[in-house]
Amino acid sequence: DPSSRARVAGARAGARGERAGARRRIARPAGATAATTAFDMRTYVERDLTAEERVEVMRRPRVDFTSILDTVKPIVEAVGTRGDAAVREYTSKFDGVDLEAVTVRVDELPDPVLDDDVKKAFDVAYDNIAAFHAAQAKSGDVDVTTMPGVRCRRVSRPIGAVGLYVPGGTAVLPSTALMLAVPAKIAGCERVVLATPPRKDGSIVPEVLYVAKKAGVTHILKAGGAQAIAAMGFGTETCPKVDKLFGPGNQFVTAAKMSLQNSDAMVSIDMPAGPSEVLVIADKDAPAAHVAADLLSQAEHGPDSQVVLVTFPDVDLKAITDAVADQASKLPRAEITAKALGHSYAVVVDDMAAACDFSNRYAPEHLIVNVENAESWLPQLDNAGSIFLGRWTPESVGDYASGTNHVLPTYGYSRMYSGVSLDSFVKYMTVQELTKEGLDALGPHVARMAAVEGLDAHRSAVTLRLGID
């Protein structure tokens, strides 16, 4: 479309030389159009960017974890030292709730009252998530005879106690309870603690409680934020200590998880995480309203969220950005969305190969491929938490009910981390078993290697059995 190319070129020329100085905003290279309203997105043309500018475009909104850790550290230490008393204190301070019981057993709570259609929605989601995660069972077990008489195995066991964090700040997220509790149940975790901020009357959000009961959660910790993470990591008088912490959260929750992982709490975490994000690849036939809605579905998560549109010269980019502005202005969370759009952008690339390359370098949490014959793109896509292929696959289905997990690596960590899966809730042990014939064949080689390394006791453990010098 010559007119759309002319619009991009004209806007690009008008923004030539503009720079952004704020650390928390993406640098604005010379090839960018400026945002003109609260709901506009800047636009880059990739071929016009210098090598330095291409690196800058990839930068996420900055999170100053040094200062956040300084804020979180005394909270974590207080909970580790004073237990439930500290949890009560911080829940009163931050949430305005004075707790009677900090932790409750789920089997002692009455069933929540929900509308039938709400129950049905969560039941469908539960079934799909359970089906997808159950299919992953035992996939990592291995049994191999590496040479005659030498048998090597890998066997899985559930992690004994897990802590699931379900946010409840700017949005209630019972879907996260499903994403974490269902695989924990399938894995066979014996103790499952779910932490979520209480309502003002001290009760649990009914939808979260419904999911907790259905998915076999054993305890609910009525707290949020760093104090909840610390309570599960260290254990308190009423909250069982867990071995691994799961779940998304704000920057204070993330900082608390990272802090505990490197402490004497002896607890691991699912993955490092940052603000929510999506990258959408859209061709000329992708409906502008659909593309806009997909971008906004992540922008509304929080002010630090980032959304990125990757498109092509023949796409009517103005139609998409106009749809973004129109839809965003009508959202209940419009103010939050506007802040997220302030550090979001669109980039025009030449072709499919360039789009895949850009996406792989950005490594998004969510990747939507709204193009013709989307399946053919999959072999070229290497880095993403979860991928949504085709015209009829909005990111929302993965967030709620398709069956895949929505707890995913953000901030570029999908280069080296996977999202939560059944494997996240198990650990693997290797097992080896040799017959005498196996040791007769393998032992001399092991003894020789031990001698090379100067480890005589290792050598003797073999030679004594074989009766050789």
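This is a predicted model: local features need pLDDT of at least 70, side-chain atom pairs count only at pLDDT 80 or more; totals for chains, interfaces and linings use all residues.
Residues are numbered from 1 along each chain as its sequence is written, and side-chain values use heavy atoms, leaving out hydrogens and water. Local features need pLDDT of at least 70 and side-chain atom pairs count only at pLDDT 80 or more, while totals for chains, interfaces and linings use all residues.

**View 1. D283 pairs with R391 in a salt bridge.** A salt bridge is a side-chain nitrogen of Lys or Arg within 4 Å of a carboxyl oxygen of Asp or Glu. Here the N to O distance is 2.9 Å. D283 sits in the loop between β11 (277-282) and α10 (288-299), and R391 in the loop between β15 (386-389) and α14 (395-400), so the pair ties together parts 108 residues apart in sequence. Helices (H or I, at least four residues) and strands (E, at least two) are DSSP runs, numbered from the N terminus. D283 is buried at 13% relative accessibility. R391 is partly exposed at 22%. Buried means under 20% relative accessible area, exposed over 50%, and partly exposed in between (1.4 Å probe, protein chains only).

**View 2. D357 and R361 form a salt bridge.** Their N to O distance is 3.0 Å. Both lie in helix α13 (residues 352-362), four residues apart, which separates them by about one helical turn. D357 is partly exposed at 39%, and R361 is partly exposed at 28%. A network of salt bridges links E46, D357 and R361.

**View 3. D326 meets K330 in a salt bridge.** The closest N and O atoms are 3.3 Å apart. D326 is partly exposed at 39%, whereas K330 is exposed at 62%.
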